[in-house]
Amino acid sequence: MKKLNKESLYGLLFISPTLLGFLVFFLGPIFAVLFLSLTRYDMFSAPESAGFANYAKLFTDSQLHKVYRNTFFFGAAAITLNVSLGLFLAILVNQRLPAFLRYLLRTVYFFPVLVGMIYAATVWKFLFNRDLGVINYYLHYIGIGPISWLTSSQFALWSIIFVYVWKNVGFTMLTTLAGLQSIPQDIYEAAAIDGARPFAMLRKITIPLLSPVILFNVVITLINTMQEFDSIVALTNGGPGNASRTVSLYIYEKAFRGLDMGYASAIAVTLFFVIALLTALQFSLSRRWVHYT
Amino acid sequence: MSNNPNTHALPGAGSTPRTRIEVWRYVSIGVVLLGCIPMIVPLLWMAVTSLKPGATAFDLPPTWIPKELHFENYSALFQSDVPIGAFLWNSIIISGVVTVVQLITSSMAGYAFAHLSFRGGKSLFLLMLTSLMMPLQVTIIPMYLIMSWLNLVDTHWAIILPLSTSAFGVFLLRQFFMTLPRELLEAARIDGANQWVTFFRIALPLARPMLATLGIITFTNTWNNYFLPLVFLNSWEKMTLPLGIFSLSNVYGSGNVAAIMAGVALAILPVLIVFLVAQRQIIAGLTSGAVKG
């Protein structure tokens, strides 16, 4: 039965602005980057064909390898901390609380989520200051020497991870809490009658039933960390050296500072495939450990 | 937040005496309250520092309660070399326009995906959702070239157009419209209303709460957007607040931390006010993807 009736016409009309935006600003550019990655283009003269030269450069660019290592490390650490801290906090908060306390906790933990990252990072930059920042000031009292949070290759990336988790843990906490509260009580009661110990209940009941939310948080955090840009620019600008440079920053710099659009596009293509691969991997793995009810 | 706390999910629950639950209760609340400290301190420090005299704002030891309130840090922002007033105005305009346009395009598309059947509707929706997975840096280079070709670089349109449509907005509104009973819409059709009237007169007014939620989220995200203005805007008069505050911190460095913090406070204040008022709605809107799984 052909669906080209009035309803479907209206349907297409209604989605046309969004569809247009999707084609012009997403799908089109995806194909365009593929095409651009085969060119040499500096914006001043017309793009010239470069064959696979840009792709060959990917293998010899040691900066790129360091940048990708940073990106994966950042993602892995942020996901682990964000999701587990969120789970931890959600479990602690999941009890009958007076309304004002609930409001207070939601405000305090979730507000950073809404604060623009560029602003949060600007504040943290001063807190992390080696000689004048309050963090080192108080650490001094417990005998810990001044730490170069943003200027040592040892700590720079960790500082960025920390700021990211600080800003976003409220989100994972509240989504996990919503998940916790949708688990019916009777399951626990039945398990308790069968003699289950509390931590066993956590492992065998709570976490499996929370697995959809956990997957959601893992995916969201992965997407966010792969494109995190503002905090790195504000805190370290990728430094010292390349210690905290990530792919998102690297693409931007190659394209808009180095005006090497062809090579930047090639890197963008690799990022596309990395994300596609990671997402596919996650969803296929999720079939094993995620329980949907 | 539903009132279904899972006391049985907690270690120490189950077949335990009341005292053990009480201890757990106080310990867990204590831990969570302790965790509030690192969440609040940065924002508190920012607010307090913004009211200190510029010359001594970054001195140690830090004073957490300012002796005098130097509100002139705020008024000085508008008289400094950096045109904060212009940035503020630009941010308001851009965020406002983007919000209105996105609400229109997302509600139309969300309604269509929810209630109008047309060939390939489901797959098109899922395809659009994939745009949420890709980092912006993958598509930014062609986006820049498109804007350059359209002569829209260094105009506000370069930021407004890409943000005019949103897969996330479509997702939220589709969720909402799916909760409207089919019969309600069919009753309108039977009474002679065409698809547009059904959407505009019946469905859309019912969507007001969801539109408000999405509007707040969209406004906040656009208000905080640093990357797009960074890429597309070059001239001072066109820039937005995130760009402006960040360049302020580059101009003043550690020399006038109070002024920078005043700028940050100014940028965050609107978001804080809205958040305090519409907390539940905002959180519900942002986390709604999680509960369904």
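1. Which helix of chain A holds Thr175(A)? Thr175(A) is found in helix 7, residues 156-181. Helices here are DSSP runs of H or I with at least four residues; strands are runs of E with at least two; both are numbered from the N terminus.

2. A word on the source. This is a predicted model, where local features need pLDDT of at least 70 and side-chain atom pairs count only at pLDDT 80 or more, while totals for chains, interfaces and linings use all residues. Residues are numbered from 1 along each chain as its sequence is written, chains are lettered from A and ligands numbered from 1 in the order in which they are written, and side-chain values use heavy atoms, with hydrogens and water left out.

3. Back to Thr175(A). Its relative accessibility is 0%, so Thr175(A) counts as buried. The cut-offs are these: buried is under 20% relative accessible area, exposed is over 50%, and partly exposed lies in between (1.4 Å probe, protein chains only). Leaving aside neighbours within four places in sequence, Thr175(A) is in contact with Val213(A), Phe216(A), Asn217(A), Thr287(B) and Ala290(B). Contact means heavy atoms within 4.5 Å.

4. Now chain A as a whole. Chain A has 12 helices and two strands. From the N terminus on, the order is α-β-β-α-α-α-α-α-α-α-α-α-α-α. The C-alpha atoms fill a box of roughly 75 × 75 × 35 Å along the principal axes. Of the 293 residues of chain A, 57% count as buried. Take the contacts in chain A between residues at least 6 apart in sequence: 69% of them join residues at least 24 apart.

5. Next, the interface. Here 109 residues of chain B are in contact with 106 residues of chain A. The size of an interface is often given as the accessible area lost when the parts come together. For chain B and chain A the buried area is about 10100 Å², with 76% of it on carbon and sulfur atoms. Buried area is the accessible area (1.4 Å probe) that two parts lose on being put together, summed over both.

6. One residue from chain B. Gln279(B) is found in helix 13 of chain B. At 2% relative accessibility, Gln279(B) counts as buried. Beyond its neighbours within four places in sequence, Gln279(B) is in contact with Tyr103(A), Arg106(A), Thr107(A) and Val274(B). The C-alpha atoms of Gln279(B) and Thr213(B) are separated by 9.8 Å, though the two are 66 residues apart along the chain.

7. Last, the rings. Over all chains there are 41 aromatic pairs. Rings of Phe, Tyr and Trp (its six-membered ring) pair if their centres lie within 6.5 Å; planes under 30 degrees apart are stacked, over 60 edge-to-face, and the rest tilted. Ring pairs link Tyr10(A), Phe14(A), Tyr111(B), Phe176(B), Phe177(B), Trp196(B), Phe199(B) and Phe200(B) into a cluster.
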